[in-house]
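Welcome, and please open your viewer. We will walk from one selection to the next, with a short note at each stop.

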Amino acid sequence: MLSIEEVITRMDQIVADCRTQKSRIGYFAILYRQVTKRIKEGIDLGEFEDNARMERLDIIFAKRFFDAYENYLSGVPTSQSWLCAFDTTKKTGKVILQHLLLGINAHINLDLGIATVQTMQGNGLETIKDDFDKINIILASMVDGVKTNLSIISPLFGFLIQLADGKDELLLNFSIQIARDGAWKFAQEYSTTQDIDRCFMIRDQAIHRIGNKIANPGKFFGWIVFVINLTEWKSIPQVMDRLEGIAQTATPNNLRTASL
């Protein structure tokens, strides 16, 4: 892929395939596609410090998801982090937000740091830090918007989010802000390591453990997840259609004033 337009076209294909195959992988793919569309809009509007560099980062970043997805479907080994996310989509009894966060966990916590280092090609990372943060601002804003409006397809979850009063990340043991900070630290380590394979393996194992906690949050939160799941829509294509509408309305309008 040579352009962000090609990235979006490939995402369109994956979303369409997931809808046809009734695969829950489509939940994350829809959210990620909308993030990419917002990044493209930001590039077109000149919102990033280096817009050409941001396009390169977006292409490299997206390719890691595409490769993981295609490897999984063809039975080729992929990272443990993505394997956890993809395998969980085949299981019943999980809530929509779990599937979204598992994809985010693998892609931000593992892939983003690697893609950032590959984009910089040996140059100092500090110059890309602000644009790195803007990707996470877009994602965090969309996830917050999705959680706020998830009651449309997950009535009980919407009620619990109101009760959580901003502490809902405790439900599934995941914070995008913490993920962002960890991803940046990993990028710094990955850029200086003498053993890339070992660095990747250690990070993948750590992110896989986080994924397992999201997928299996323990007895207490597991019971809450079970109850929430009883009230959620079961039609995967319908959930995908509604998620698309929710993600579109959750898109941040101004990256210069938004913050994590």
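Let us begin with the term for solvent cover: buried means under 20% relative accessible area, exposed over 50%, and partly exposed in between, with a 1.4 Å probe and protein chains only. By that scale Leu2 is exposed, at a relative accessible area of 76%. Before going on, note that this is a predicted model, in which local features need pLDDT of at least 70 and side-chain atom pairs count only at pLDDT 80 or more, while totals for chains, interfaces and linings use all residues. Residues are numbered from 1 along each chain as its sequence is written, and side-chain values use heavy atoms, with hydrogens and water left out.

**Stop 1: the start of the chain.** Select Leu2, in the segment before helix H1 (4–21). Helices here are DSSP runs (H or I, at least four residues) and strands are E runs of at least two, numbered from the N terminus.

**Stop 2: the whole chain.** The C-alpha trace spans about 50 × 40 × 35 Å along its principal axes. Of the 260 residues, 51% count as buried. Among contacts (heavy atoms within 4.5 Å) with a separation of 6 or more, 81% join residues 24 or more positions apart.

**Stop 3: helix H2.** Select residues 25–44, the 20 residues of helix H2, which reaches 29 Å from its first C-alpha to its last, close to the expected 28 Å. That expected span is 1.5 Å times one less than the number of residues. Is H2 mostly covered or uncovered? Mostly covered, as 16 of its 20 residues are buried. After H2 comes Gly46, with a positive phi near 70 degrees.

**Stop 4: the aromatic rings.** Show Phe, Tyr and Trp side chains. Rings (the six-membered one for Trp) pair if their centres lie within 6.5 Å; planes under 30 degrees apart count as stacked, over 60 as edge-to-face and the rest as tilted. The whole structure holds 12 aromatic pairs. One of them is Phe65 with Trp82, tilted at 5.3 Å centre to centre and 40 degrees between the planes. Phe65 is in helix H3 (residues 51–74) and Trp82 in helix H4 (residues 80–88), so this pair ties together parts 17 residues apart in sequence. Phe65 is buried at 1% relative accessibility, and Trp82 is buried at 2%. Next select Tyr72 and Phe86, a tilted pair with centres 5.0 Å apart and planes at 40 degrees. This pair links Tyr72 in helix H3 to Phe86 in helix H4, 14 residues apart. Both Tyr72 and Phe86 are buried. To see the cluster linked by ring pairs, select Phe28, Tyr32, Phe61, Phe65, Phe66, Tyr69, Tyr72, Trp82 and Phe86.

**Stop 5: a charge over a ring.** Go to Lys129, which lies over the face of Trp184, 5.4 Å from the ring centre. The criterion is NZ of Lys or CZ of Arg within 6 Å of the ring centre and within 35 degrees of the ring normal.

**Stop 6: helix H10.** Finish at Ile214, in helix H10 (residues 196–215). Ile214 is buried, at 0% relative accessibility.
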